[in-house]
Amino acid sequence: MREADAQRFFLRYRDAFNTLDGLAVAALWHTQGGIAQDGSVTWWADAAPMRDNMVALCEVYRQAGFARTDFELTAVHPLGAQFAWANVQWMIYHHDSSVLQRFCTAYHLIHTH
């Protein structure tokens, strides 16, 4: 997977979050996947609980005054034709353009199409 492929993916991911459409966000995740944060790992063996999580996350952002998100792709490490590791700096903004949240996250990307 090339850096341009990762950039295209994160543009789609950002756009799904910007509509606060948890189902659209979940559609971009692999069926078996997970999140590691705050010293623990949440692993989803099937799609339903992962979809529920993404819908709930979008609702949390909605309630917090989310207006939009943007990102900076800070590193991409190709791991063959279908895989890459990417590091992303996210900025989430309130309706008044102030920063709601800023954080860095790493992703293991799998090109499935």
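**Contacts, sheet and salt bridges**

Modeller: Start with L109: leaving aside neighbours within four places in sequence, L109 is in contact with M1, A6, F9, F10, Q82, F83, A84 and A86. Contact means heavy atoms within 4.5 Å. This is a predicted model, where local features need pLDDT of at least 70 and side-chain atom pairs count only at pLDDT 80 or more, while totals for chains, interfaces and linings use all residues. Residues are numbered from 1 along each chain as its sequence is written, and side-chain values use heavy atoms, with hydrogens and water left out.

Biologist: Which residues touch the most other members of the largest nonpolar core?

Modeller: F10, Y13, V25, L73 and L109, out of 28 residues in that core. A nonpolar core is a set of buried Ala, Val, Leu, Ile, Met, Phe, Trp, Tyr and Cys residues joined through side-chain atoms within 4.5 Å. Buried means under 20% relative accessible area, exposed over 50%, and partly exposed in between (1.4 Å probe, protein chains only).

Biologist: Which elements give two or more residues to this core?

Modeller: α1, α2 (22–26), α3, β3, β4 and β5. The most comes from α1, with six residues. Helices (H or I, at least four residues) and strands (E, at least two) are DSSP runs, numbered from the N terminus.

Biologist: Now the sheet. What is the strand order?

Modeller: β3-β4-β5, an open sheet of three strands with antiparallel pairing. Two strands pair if DSSP finds at least two bridges between them. β3 (66–78) and β5 (99–110) are the edge strands, each pairing on one side only. From one strand to the next, the twist averages 20°.

Biologist: How many bridges join β3 to β4?

Modeller: Eleven, with β4 covering residues 83–94. L73 has V88 in β4 as its bridge partner.

Biologist: And which helix packs on the sheet?

Modeller: α1 (residues 3–18), which touches β3, β4 and β5. The direction of α1 makes about 160° with that of β3. Axes are lines fitted to C-alpha atoms, for helices over the stretch in contact, and angles run from 0 to 180 degrees between N-to-C directions.

Biologist: Switching to charges. How many salt bridges do you count?

Modeller: Five. A salt bridge is a side-chain nitrogen of Lys or Arg within 4 Å of a carboxyl oxygen of Asp or Glu.

Biologist: Which part of the chain holds R14, and which holds D70?

Modeller: R14 and D70 meet in a salt bridge at 3.5 Å, N to O. That pair links distant parts of the chain, with R14 in helix α1 and D70 in strand β3, 56 residues apart. R14 is buried at 19%, and D70 is partly exposed at 27%.

Biologist: What about R8 and D5, where do they lie?

Modeller: Both lie in α1, three residues apart, about one turn of the helix. R8 is partly exposed at 45%, whereas D5 is buried at 18%. R2, D5 and R8 are linked in a network of salt bridges.

Biologist: How far apart are the closest N and O atoms of E59 and R62?

Modeller: 2.7 Å, again a salt bridge. E59 and R62 are separated by about one helical turn because they sit three residues apart in α3 (residues 47–63).

Biologist: Last topic, cysteines. How many disulfides?

Modeller: Zero, from a search of the whole structure. The cut-off is a pair of cysteine sulfur atoms within 2.5 Å.

Biologist: Is C58 buried or exposed?

Modeller: Buried, because its relative accessibility is 1%. C104 counts as partly exposed, at 45%.
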